[in-house]
Amino acid sequence: MNFEVGSIVEGKVTGIKPFGAFVALNDEIQGLIHISEISHGYVKDINDVLKVGDTVKVKVLSIDEEGKKISLSIRQTQEAPAPGPKKERRPAKKAAAANDSSKGFNTLEAKLKEWLKESTDRQAQLNKRLKK
């Protein structure tokens, strides 16, 4: 393999799968761009970004000479977008959570007592049936 980790090369997209895109770097060598390395933003469907036959500029992330696998990235060849304005977060619904008796340690303790009582009652019923 004539490629080095960190080098930027051009390749042609030869196949697309849900997890990434295969790119031919030359006639003999192919690499894979994982879906997380396609763009700085979220990519739901690779087909929205790449098509088979597209020529792409990629950075070589890693080379596994034994397995003959090359990991590639388009994202790392592009400048990261400037961070946008921060989204305002809604305040947590603390009042509703405080009134919810299905959550929290104290209610777990109460539920445990309830479960133990149910279990004891069931065991008593089973014992009655066995004695008949």
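I am working from a predicted model, in which local features need pLDDT of at least 70 and side-chain atom pairs count only at pLDDT 80 or more, while totals for chains, interfaces and linings use all residues. Residues are numbered from 1 along each chain as its sequence is written, and side-chain values use heavy atoms, with hydrogens and water left out.

I began with the sheet and found a closed barrel of 5 strands in the order β1-β2-β3-β5-β4, with mixed pairing. The twist averages 50° from one strand to the next; axes here are lines fitted to C-alpha atoms, and angles run from 0 to 180 degrees between N-to-C directions. Strands (E, at least two residues) and helices (H or I, at least four) are DSSP runs numbered from the N terminus, and two strands pair if DSSP finds at least two bridges between them.

I then followed β5 (residues 69–73), which pairs with β4 (residues 55–64) in the antiparallel sense over 5 bridges, with K59 standing opposite S73. In the hairpin of β4 and β5, 4 residues lie between the strands, and K68 takes a positive phi near 55°. With β3 (residues 30–34), β5 pairs in the parallel sense over 2 bridges, and S71 is the bridge partner of L32.

Last, I looked up T77, which lies in the loop between β5 and α1 (94–99). The T77 side chain reaches the backbone oxygen of I74 at 2.6 Å. Leaving aside neighbours within four places in sequence, T77 is in contact (heavy atoms within 4.5 Å) with I8, K57, V58 and K59.

Notes. A polar contact is a pair of N or O atoms within 3.5 Å; within protein, one must be able to donate a hydrogen and the other to accept it, and residues adjacent in sequence count only if both atoms are side-chain atoms.
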